[in-house]
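Please open the model in your viewer and keep the sequence panel beside it. The stops below go from the overall fold to the ligand site and then to a few individual residues.

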Amino acid sequence: MRIATALLLASLLWIAGCASAPPAKDALYDGLGGRAGIEALVETLLFRVSDDPRIAHHFKDVDIINLNDRLVEFLCVQSGGPCSYAGKDMAEAHKHVNIAEADFNALVEDLMWAMDQRQLPRATQNRLLRRLAAMQRDVVRRGPPPPEAPLLPPQP
Ligand code: HEM
């Protein structure tokens, strides 16, 4: 009887211990270097993007401090880190930005460059890229591109 009570007590303590343990972290968050690694990665990425003639124009009127903070939170959550994201969802955040597929690919190239600069292992890079690729349909505009310039009136 005593042994049974001791076993019951031990298993209750074990369950309580599990319940109070922090949630298991995703390996991707650790692979990115935790919060500090993500902050460094986002800083490197935003510098690169603002210097990239293919897409820099999209960011010229943007509150870059806010974008930096939201991106850090977003990548932290997406990689399984202990953060919360206070920004808009991807479709809402980008619906007025008019992003073409080529713009998306340019940003992915810049991110790959930034991850190389931070010396992140290829396996970690690929895990992050896979997660972001799944968001492409929310970020890239649907439908035909807007006209480049107003049409000239017909010649008299
Ligand atoms: C999977 C890819 C992408 C992710 C995860 C992402 C993530 C984000 C996040 C978290 C925000 C902040 C939203 C907020 O302030 O509430 C944001 C805003 C923004 N993103 Fe992206 N983004 C992606 C692709 C792109 C691309 C390809 C471009 C353009 C080339 C772009 C341009 C912008 C701009 C201009 C804003 C600021 C919008 C504003 O403040 O009005 N994003 N993005």
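A helix, as the word is used on this tour, is a DSSP run of H or I at least four residues long, and helices are numbered from the N terminus. Bear in mind throughout that this is a predicted model.

**The whole chain.** Begin with a cartoon view coloured by secondary structure, in which the protein shows eight helices and zero strands. Read from the N terminus on, the order of elements is α-α-α-α-α-α-α-α. If you then switch to a view of solvent accessibility, 27% of the 156 residues of the protein count as buried.

**The iron atom.** Next, select the ligand and centre on its iron atom, for which the protein provides a single donor, NE2 of His94, at 2.0 Å. His94 itself belongs to helix H5, which spans residues 90-94. With His94 still selected, note also that an N or O atom of its side chain is 2.8 Å from a nitrogen atom of the ligand.

**The shell around the ligand.** Now extend the selection to the residues that surround the ligand, of which there are 23, the closest being His58, Lys88, His94, His96 and Ile99. Which helix gives the largest share of this shell? It is H4, with five residues, and H4 covers residues 64-78. At least two residues of the shell come from each of H4, H5 and H6. Coloured by class, the shell consists of 15 nonpolar, five polar and three charged residues. If you display a pocket surface for the protein, the space that the ligand takes up is the largest pocket.

**Oxygen atoms of the ligand.** Two side chains deserve a distance label here. A polar side-chain atom of His96 is placed 2.9 Å from a ligand oxygen atom, while for Asn66 a polar side-chain atom is found 3.4 Å from an oxygen atom of the ligand.

**Ser79.** Move on to the loop between H4 and H5, where you will find Ser79. Is Ser79 buried or exposed? Its relative accessible area is 0%, so Ser79 is buried. Show the backbone atoms as well, and a polar atom of the Ser79 side chain can be seen 2.8 Å from the backbone oxygen of Leu75, with the backbone oxygen of Cys76 lying 3.1 Å from a polar atom of that side chain.

**Two residues with positive phi.** Most residues other than glycine have a negative phi. Select Asn98, which is not a glycine and yet has a positive phi of about 60°; Asn98 sits in the loop that joins H5 to helix H6, residues 101-117. With a relative accessible area of 31%, Asn98 is partly exposed. Then follow H6 to the loop between H6 and helix H7, residues 122-133, which holds Gln119. Gln119 is likewise not a glycine, and its phi is positive at about 55°. The relative accessibility of Gln119 is 71%, and Gln119 therefore counts as exposed.

For the last stop, select Gly31, which is found in helix H2, residues 27-31, and which is partly exposed at a relative accessible area of 27%.

Terms used. Residues are numbered from 1 along each chain as its sequence is written. This is a predicted model: local features need pLDDT of at least 70, side-chain atom pairs count only at pLDDT 80 or more; totals for chains, interfaces and linings use all residues. Side-chain values use heavy atoms; hydrogens and water are left out. Buried means under 20% relative accessible area, exposed over 50%, partly exposed in between (1.4 Å probe, protein chains only). Donors are N, O and S atoms within 2.8 Å of the metal (3.2 Å for Na, K and Ca); water is not among the atoms, so sites may look incomplete. A residue is near a molecule or strand if one of its heavy atoms lies within 4 Å of it. A polar contact is a pair of N or O atoms within 3.5 Å; within protein, one must be able to donate a hydrogen and the other to accept it, and residues adjacent in sequence count only if both atoms are side-chain atoms. On a 1 Å grid over the protein atoms alone, a cavity is a set of points where a 1.4 Å probe fits but cannot get out, and a pocket is an open set with protein on both sides within 12 Å along at least five of seven lines; lining residues have an atom within 4 Å of a point. A molecule sits in a cavity or pocket if more than half of its atoms lie within 2 Å of its grid points. Ala, Val, Leu, Ile, Met, Phe, Trp, Tyr, Cys and Pro count as nonpolar, Asp, Glu, Lys and Arg as charged, and the others, Gly among them, as polar.
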